[in-house]
Amino acid sequence: MTRTFLQPDDLHGLVAEQFGSDRRLAALDRLSGGSKKGVYRLRLNDQTSVMLYVWAAGENYWPPSPTVRDDPFTDASGADLFAANHAALTAAGVRVPHLMMLDRAGHYLDADIALVEDAGALRLEALLERDPATAAAPLSALGAALRRMHTTLGAHYGKLAAIAGGEASQTRRTEDVIVDRALGHLDAAAARDVRLADAHQRITAHVLHLRSAVTGREEYGLVHGELGPDHVLVTPAGEAVMIDFEGLTYFDVEWDHAWLQMRFGDTYSALRPVDLDPHRLELYRYAQTLSLIEGPLRIADTDYPDRKWMLDLAEWNITKALAAT
């Protein structure tokens with residue numbers, strides 16, 4: 001498809017109505033890295049700035065995939081999820097960008113949009129690399145926020161809006177949702193890589209072996225889904241601000257911690273994790289490895305601009321998946 005992104009002329013009405021006639025758009029920057037929604041920084045003529053999120057087909061690089069009713073990690077994008085999850089995180093005391101305006105009626109653009117606080121361009125990932133001592137305070141604050149999330153418990157798993165509407169299916173145990181998800185990712189990835197096709201039976205047996213050690217659970221915490229230091233902004237005041245939380249769901253906290261261990265590495269212990277089930281953690285860690293093969297291979301088949309990065313990510317995780325069996 002031919003992708004067209006927002007231009008300054010597209011936003012005159014939005015800026016005038018939201019900020020008044022004395023404030024004008026001085027510059028518009030589309031930030032790189034997003035694959036499901038467009039993220040724009042609006043720089044105004046009074047030296048202030050705000051962020052604009054745009055959920056539109058032309059901003060989403062992911063090809064369609066089947067929606068599984070009781071898998072809360074499928075189809076985790078959109079303004080509705082953003083609004084519900086923003087409210088839940090705010091209620092849990094988690095610092096997220098302040099929401100200034102949400103438009104799902106197409107009043108300004110032919111897309112769902114949100115205006116949010118510009119919390120700055122500094123990501124915790126960059127600060128950890130550049131200045132670990134300064135990163136210690138926001139890292140600790142993030143750990144406290146995660147504890148609040150992971151101890152906000154519910155009796156059902158699923159997307160928050162689905163639970164609130166009584167639409168969250170509970171027909172499978174969470175570990176079985178993840179096993180089926182992992183084996184589906186294996187099937188899709190094996191169709192693209194002969195090494196995985198050759199090892200399909202061995203990998204399947206490994207997944208089922210990991211599943212056999214996991215006991216049942218009936219209480220779930222709030223999990224982000226894919227929280228890494230690149231999904232945390234650090235404000236000039238040193239606050240840790242969580243972003244990209246459309247995938248927020250009630251689920252096993254081990255899902256978050258498998259991801260956190262991978263992404264935070266040596267600094268993970270500073271997040272002060274809650275008690276975890278080691279068997280569930282091991283299963284989820286391996287399932288995420290398979291996800292990080294299938295997803296990158298699938299998006300690499302599109303016009304995503306950094307295709308090589310995705311292929312390298314898939315290759316790294318293929319090596320991990322094969323080495324574990």
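## Aspartate 29 and its partner

Aspartate 29 has a relative accessibility of 26%, so it counts as partly exposed. Keep in mind that we're looking at a predicted model here. Its side chain meets that of arginine 43 in a salt bridge, with 2.7 Å from N to O. Aspartate 29 sits in strand E1 (residues 25-30) and arginine 43 in strand E2 (residues 38-44), so this pair ties together parts that lie 14 residues apart in sequence.

What about arginine 43: buried or exposed, or something in between? Arginine 43 is partly exposed too, at 38% relative accessible area.

Now for helix H10, which covers residues 278-299. Glutamate 294 and arginine 298 are both found there, 4 residues apart, or about one turn of the helix. These two form a salt bridge as well, and their closest N and O atoms are 2.7 Å apart. Are they buried or exposed? Glutamate 294 is buried, and arginine 298 is buried too.

## A pair that belongs to a network

Aspartate 277 pairs up with arginine 280 in another salt bridge, where the closest N and O atoms are 4.0 Å apart. Both aspartate 277 and arginine 280 are buried.

Which residues join them in a network of salt bridges? Arg173, Glu175, Arg217, Asp252 and Glu254 are linked with Asp277 and Arg280 in that network.

## The whole count

How many salt bridges does the structure hold? There are 27 of them. As a rule, side chains of opposite charge can pair when their charged atoms come close.

Terms used
Residues numbered from 1 in each chain as written. Predicted model: local features only at pLDDT ≥ 70, side-chain atom pairs only at ≥ 80, totals over all residues. Heavy atoms only, no water. Helix = DSSP H or I, 4+ residues; strand = E, 2+ residues; numbered from the N terminus. Buried < 20%, exposed > 50% of the residue type's maximum accessible area, 1.4 Å probe, protein only.
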